Protein chains: 2
Amino acid sequence: MSGTIYMIPCPIAEGEWERVLPAPNGDVMRSINYFVVENTRTARRFLSKVGMGRPIETLTFAELNEHTDLREVEQLIKPVLEGADCGVISEAGLPGVADPGAAIVAVAHRHGVKVVPLVGPSSILMALMASGQNGQSFAFNGYLPIKPAERVQALRRFEKRALTEGQAQIFIEAPYRNVKLFDDMLKNLAAESMLTVAVDISGEEEFIQTAPIKVWRSRKLPDMNKRPAIFIIGRA
Amino acid sequence: MSGTIYMIPCPIAEGEWERVLPAPNGDVMRSINYFVVENTRTARRFLSKVGMGRPIETLTFAELNEHTDLREVEQLIKPVLEGADCGVISEAGLPGVADPGAAIVAVAHRHGVKVVPLVGPSSILMALMASGQNGQSFAFNGYLPIKPAERVQALRRFEKRALTEGQAQIFIEAPYRNVKLFDDMLKNLAAESMLTVAVDISGEEEFIQTAPIKVWRSRKLPDMNKRPAIFIIGRA
């Protein structure tokens with residue numbers, strides 16, 4: 001009989017893992033020997049902090065990330081088909097959300113393998129919860145395009161959908177480009193459009209504010225350079 | 001100085017709260033005397049289970065739900081402007097997501113009040129994590145329209161967006177209409193479209209499966225009548 005795939009969240013900021021994860025998640029982790037992870041080094045460090053009750057070296061790690069050939073994913077699930085449970089861990093937050101982890105879950109469903117999601121921090125939903133923007137209709141759009149013209153086009157597309165459908169539009173950027181992105185938004189979005197900036201969620205320097213673009217234009221810039229941030233465009 | 005608004009998740013299924021919530025959430029709850037809740041009865045029951053260390057009757061509850069006039073929300077925030085911390089609690093899961101809780105947060109940001117989101121279970125993201133569908137681009141669309149013609153129209157609109165943009169389309173239905181909805185999907189969606197059915201997430205009878213519509217057509221119907229469910233339409 002096949003094993004089960006557990007989708008195992010990890011923290012999104014520094015600090016004790018118990019602060020942001022239910023304690024029983026630790027028991028699930030300790031019961032697993034096979035992990036499919038976005039980054040082996042960070043996954044090992046996380047599991048060490050949680051405390052596995054045995055040397056980390058006795059565990060098996062396979063990587064699934066943006067470098068993984070999709071044909072390899074069929075290999076990654078083999079131990080599960082042979083009966084081993086598997087823990088999927090991303091670099092931060094929820095595996096399978098805003099990362100390549102969904103690939104092994106898609107294969108799992110084709111094989112009828114059971115998949116169990118655990119509770120943990122999602123910077124996307126924590127930003128949304130604390131934004132006051134529309135939590136009854138929202139979209140996560142992933143990373144913005146890198147090329148300047150395409151970025152501005154994407155921002156305008158998000159704004160249009162937010163204004164016409166009332167659907168809050170969530171997106172992220174590589175942290176070192178946050179300041180440039182913020183600048184692009186102040187220049188290209190309408191004065192009345194609502195913008196949420198959520199920086200360092202669940203961290204010590206957490207900053208979450210929502211205001212119309214016209215207010216952001218006259219406000220002191222939040223410190224978001226090289227810090228993980230979530231942005232949300234919405235309708236007033 | 002203003003108080004802080006804490007967005008406080010609660011469980012989405014029966015069972016011990018510590019199973020799905022980080023233990024320190026309890027400390028935050030115990031530090032608060034003023035709660036803005038979707039339903040006073042369920043919020044009291046939740047706080048009693050967590051254990052407030054004092055009679056629940058000494059706490060103040062105000063309701064914010066679909067019956068609340070938006071003008072009343074300005075009143076709800078008054079205690080916070082006068083210095084009291086406030087806990088926002090929805091009927092299930094994350095407040096401010098798929099419920100009317102965002103209204104008080106929107107007002108909070110206009111007043112410069114700090115809003116802090118806590119970690120907890122989101123049936124939307126747990127379904128997505130365990131679905132294998134696109135976690136890098138997804139939309140939550142709330143409840144489907146009630147009228148049959150509009151429902152089918154909405155389903156087709158979701159499918160179109162899923163197929164053309166690759167954006168996973170998440171939605172919910174009143175639990176007693178789940179079976180009818182499932183039937184509508186089997187009849188109206190394309191054979192190759194991927195459908196996730198996620199029932200009773202984090203509960204004892206959790207069921208999460210993804211398959212093409214053509215496979216669902218020949219499969220035994222999952223038991224979803226009157227059980228909380230999340231549906232996701234995606235591209236193969």
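Student: Leaving aside neighbours within four places in sequence, which residues is B:Ser193 in contact with?

Tutor: Heads-up, this is a predicted model: local features need pLDDT of at least 70, side-chain atom pairs count only at pLDDT 80 or more, and totals for chains, interfaces and linings use all residues. Residues are numbered from 1 along each chain as its sequence is written, chains are lettered from A and ligands numbered from 1 in the order written, and side-chain values use heavy atoms, leaving out hydrogens and water. B:Ser193 is found in the loop between helix 8 (178–188) and strand 8 (194–199) of chain B, helices being DSSP runs of H or I with at least four residues and strands runs of E with at least two. With contact meaning heavy atoms within 4.5 Å, its partners are B:Glu159, B:Leu163, B:Ala211, B:Pro212, B:Ile213 and B:Gly234.

Student: Is B:Ser193 buried or exposed?

Tutor: Buried is under 20% relative accessible area, exposed is over 50%, and partly exposed is in between (1.4 Å probe, protein chains only). B:Ser193 has 2% relative accessibility, so it counts as buried.

Student: How many of the 9 residues of helix 5 (residues 102–110) of chain B are buried?

Tutor: The buried ones are B:Ala102, B:Ala103, B:Ile104, B:Val105, B:Val107, B:Ala108 and B:His109. Helix 5 of chain B is largely enclosed by the rest of the structure, because the buried count is 7.

Student: How are helix 7 and helix 8 of chain A set relative to each other?

Tutor: Helix 7 (residues 148–165) and helix 8 (residues 178–188) of chain A pack at about 60 degrees, with axes 10 Å apart. Under 35 degrees is roughly parallel, over 145 roughly antiparallel, 65 to 115 roughly perpendicular, and the rest oblique. So helix 7 and helix 8 of chain A are oblique.

Student: How far apart are the C-alpha atoms of A:Phe207 and A:Pro222?

Tutor: A:Phe207 is in strand 9 (residues 207–212) of chain A, and its contacts include A:Trp216 and A:Pro222. A:Phe207 and A:Pro222 are 15 residues apart along the chain, and their C-alpha separation is 8.1 Å.

Conventions: Axes fitted to C-alpha atoms, helices over the stretch in contact; angles between N-to-C directions.
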